[in-house]
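Subject: Structure handover

Hi,

Here is the structure I promised to pass on to you. My notes follow below it, so please have a look at the model first and then read on.

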Amino acid sequence: MDNSGQLFPKLPLAEWIEAFVDFLTTYFSALFDTVSTVIEFVTENFVLLMELAPPIVLIILIALLAWWAVNWKLGLFALIGLGLINNLGYWPELVETISLVVISVLISMIIGIPIGIWMSQKGSVQAIITPILDFMQTMPAFVYLIPAVVFFSLGMVPGVVATIIFSMPPTVRLTNLGIRQVDQELIEASNAFGSSTGQRLTKVQIPLAMSTIMAGINQTIMLSLSMVVIASMVGAPGLGTVVYRAVTQVAIGPGFEGGLSLVILAMLLDRITQGANKN
Amino acid sequence: MSTIKVDKLTKIFGRRPKQAVKYLEENKSKDEILELTGMTVGVNQASFEVQDGEVFVIMGLSGSGKSTLVRMLNRLIEPTSGDVWLGDENITEMNKEQLRDMRRKKMSMVFQNFALLPHKTIQKNAEYGLEIQGIDKEERAKKASEALELVGLGGYMDKYPSELSGGMQQRVGLARALANDPEILLMDEAFSALDPLIRKDMQDELMDLQQSVHKTIIFITHDLNEALRIGDRIALMKDGSIVQVGTAEEILMEPANDYVERFVEDVDLAKVLTAGHVMKRAESISVDRGANVALRLMKDSGVSTIYVVDKKKKLLGYVTADEAAKAAKEDKGLSEVLISDIPTVQTDTLLADAFEPMADDKAPLSVVDEDGRLVGIVVRGSVIGALAGNDDVLNGNGGVGING
Ligand SMILES: Nc1ncnc2c1ncn2[C@@H]1O[C@H](COP(=O)(O)OP(=O)(O)O)[C@@H](O)[C@H]1O
Ligand SMILES: [Mg+2]
C-alpha cells in the first residue's frame, strides 16, 4: 500500500502480530504440541468409540435419548433424520462432526465455566474479560483459522481450536450473568449464615444459575455447529468437508445433502440440550 | 450469652468516606453531606446497647438506615467507623474466619422476602446453616425438624418454598435461623412483606416463641404499631441517626423531639395502653366487716363505691354508698347487699377492649389478676386523660407491659 501521502506512516500492526506469533511458535511449541496431542488423542478415540457400534444401534440410542430428554416426537425425528443421513452415506462424516462438536463444546465448558464464575465474583475481572469476549465473537471466524494452522498445522486439531475460540463466549457470558442474576437477598442469606465463598457458589449461586448456564452451553453448541464448514477448510473432517467440497465444485446435489445433514444434527442437539435444561 | 454494644457505628456509601465522617463529626446533616460530597450517609454514629433476651426494635421510615445498621452488626455491610461489641469481642475487628464462625454460631438473620432457596425443600432450607457448619446429616436433620416443629411446620418438610404461603415461608426463614441455636436473631422487616392479618399472627407467634427460646432479638420495622407490640425497647431512626431509644411508653409519652412526636401522634393509644397503665388503687373491704365500716371508709376517702373481697383478696363485688347505708339501717351484712355481677378486666387488657365492659356499668371497672384478686380499678377520667396523651395519669410500670 502506498502511504506516502499520509501524515503518519502506517502502523506495522500486521508485522507485530506476525512477530508475536513467531515468538509463540518458537518458545511455546512444546505447549502447542502437547495440546495438539491431547486433542488429537481424545477426538480420535471418540470417533473410534462411536464407530465401534453399528450405525443402527447408535441411531436407536440417540433416538431414545431424545425421547427421554424431550418427547417421543423428537425421538421419532431422530430416528428418521439420522436414518436419512445414514442412508445418504454420510454416517462416517456425521460421526466425525459429532466428535468435533462434542470435544469443542466440552473443552469450551471446561475453560468457559470457571472463567464465567471468576468473572461473576470480581467486577474487575468482568471488566477485563467482557471486551475480550466481544472481540472473540465479532472477529470473523475465518481469521482464527490462520493462527490455528500456524500453531497446530492441518486436520482436526486446528478445527477444534478455532471452533472453541469462536463458540466459547456464550458459555462464559451466561455463566457470569446467571450467577450475577441470583437474588441479592439469597446471597446475603448465604453469607449471613457464614458460608465460605465456595459454599456460597456450590450451594446457592451455581444451582440457581444452572438454567442460564445451560442456555449458554446450548448457544455454544449451535455456534460450534456453525463452525463446522469453516473448520473443514483447515482439514477438519466431517460433514463440513462434504459441504466445502461441494461449494468448490459447484455441486449443488451433494451440497444440499451435506447441508441438510447438518441442519438435522443442529435441530437434534438444540432440542435435546434445551429439553435437558427444562428437566 | 453476651450483650450487644454498638458504639458510634457509622456507614458512608461513597468513594472517600473519611471526608464525610469528618463532616458528620461537625454535625452536618445527611442532606448537606450529600450536597457537599455526593456521598450518602447510611448510618450516623449510632450507639445503643441490647441486653440478653431483649427484643430490641429499630424503627424508622424507609431509607432511614435500619437495614444498613442491622447489616453492620454481622458485617454484611462493612462499617465505615465505630465498633460493635458482642460481650467482650469486637465484631468490627474480627478476621474473616472469626467473622464466619460468629455468623454460624451466634447470630442468625431473617429476611424481608424470606430468602429461601427455591431449589431446596423446606427441610433442606432449614438445614442450611447447619450444613454450612459441616454438621453431619443425621444431626442436622434432627435439629432442623425440631426447629420446623417449633414454628408449626412439622408436616411440610418435603415441600418446596413456592408451595407455601408467605407466612409459612417466613416461618421456614425463622426455623432456619433458630436451627443454629444462635444467641441473637436479626430480623430485617421480617413481617413487612406479609399482609396485615398474617403479620399480626406472626407477631403473636414470635412473642410466644420468645417465651420459650429467650433469644436476643433485634427486630427492624417501619411499622410503629409492630414496634410497640413486640419491642421491649425501641430505637427510632431518622436520616441515619438514632433519635430516641426507650420503652414503648417512653417513646409515646415522652417523645425526645418533634420528629418522634409527629411519628407517634397517629398511634391509636387505645390499642397500646392497657388497664394496668391507667388503673388506680381500689378502696376495698373484707366481706366479713360490717356495713357501717364500709360507709365510714367511703366517707373518709370520698368515694361512692367500695369493693368487697374475701379473705384471699378475691373480688366478690361492690357496694354503693346508698346500699351500704340501707344495710346499716336494716342491720344486714355486706354479703347481702353487694352487687356481684360486675364486669372485670385484667392488667394487660387493652383499653380498646375495656370500653365495652366500662359502658356496661356505671361504677369504675375493676381490674383483677389471674386468680380473681382485686388489683385496682379503672375510672373513666384516667382513660380519657390517657387517650388525650396526658401521661400524668399513667402508672410508671404499666402493669405487666403493653403487648396485646
Ligand atoms: N449499597 C448502597 N449504596 C449507596 N447507598 C445506599 C446503599 N444501601 C443503602 N443506601 C442508602 O443508605 C440509606 C439507608 O438505607 P437503608 O439502610 O436501606 O434504609 P432502610 O432499611 O431504613 O429503608 C438510604 O439513603 C439508601 O439510599
Ligand atoms: Mg430496609
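**The two domains of chain B**

Between domain 1 and domain 2 of chain B, about 580 Å² is buried, and carbon and sulfur atoms give 67% of it; buried area here is the accessible area (1.4 Å probe) that two parts lose on being put together, summed over both. On the domain 1 side, M253(B), L269(B) and A270(B) lose the most area to domain 2 of chain B, together 70% of what that side buries.

A word on conventions: this is a predicted model, in which local features need pLDDT of at least 70 and side-chain atom pairs count only at pLDDT 80 or more, while totals for chains, interfaces and linings use all residues. Residues are numbered from 1 along each chain as its sequence is written, chains are lettered from A and ligands numbered from 1 in the order in which they are written, and side-chain values use heavy atoms, with hydrogens and water left out.

Domain 1 of chain B covers 50-271 and domain 2 covers 275-393, with bounds from an automatic or database domain assignment. Their C-alpha centres lie 43 Å apart. Six residues of domain 1 of chain B are in contact with nine residues of domain 2 of chain B, contact meaning heavy atoms within 4.5 Å.

**Where chain A meets chain B**

This contact takes 16 residues from chain A and 26 residues from chain B. The area buried between the chains is about 1700 Å², with 61% from carbon and sulfur atoms. E185(A), F193(A) and K203(A) lose the most area on the chain A side, together 40% of what that side buries. Two salt bridges cross the interface of chain A and chain B. K203(A) pairs with E131(B) in a salt bridge whose closest N and O atoms are 2.8 Å apart.

From the chain B side, helix α4 (residues 96-105) has L99(B), M102(B), R103(B) and R104(B) buried. For accessibility, buried means under 20% relative accessible area, exposed over 50%, and partly exposed in between (1.4 Å probe, protein chains only). Helices (H or I, at least four residues) and strands (E, at least two) are DSSP runs, numbered from the N terminus. The buried residues of α4(B) pack against elements of both chains, including α10 (184-192) and α11 (197-226) of chain A and α5 (122-132) of chain B.

**Salt bridges within chain B**

Over all chains, the structure holds 26 salt bridges. One of them joins R233(B) and E54(B) at 2.5 Å, N to O. This pair links distant parts of the chain, 179 residues apart, with R233(B) in strand β9 (residues 233-238) of chain B and E54(B) in the loop between β2 (40-50) and β3 (55-60) of chain B. R233(B) counts as partly exposed because its relative accessibility is 22%, whereas E54(B) is buried at 8%.

Another salt bridge, between D300(B) and R296(B), spans 3.8 Å, N to O. Both residues lie in helix α13 (residues 291-301) of chain B, four residues apart, about one turn of the helix. D300(B) counts as exposed, at 60% relative accessibility, and R296(B) is exposed too, at 56%.

Best wishes

Conventions:
A salt bridge is a side-chain nitrogen of Lys or Arg within 4 Å of a carboxyl oxygen of Asp or Glu.
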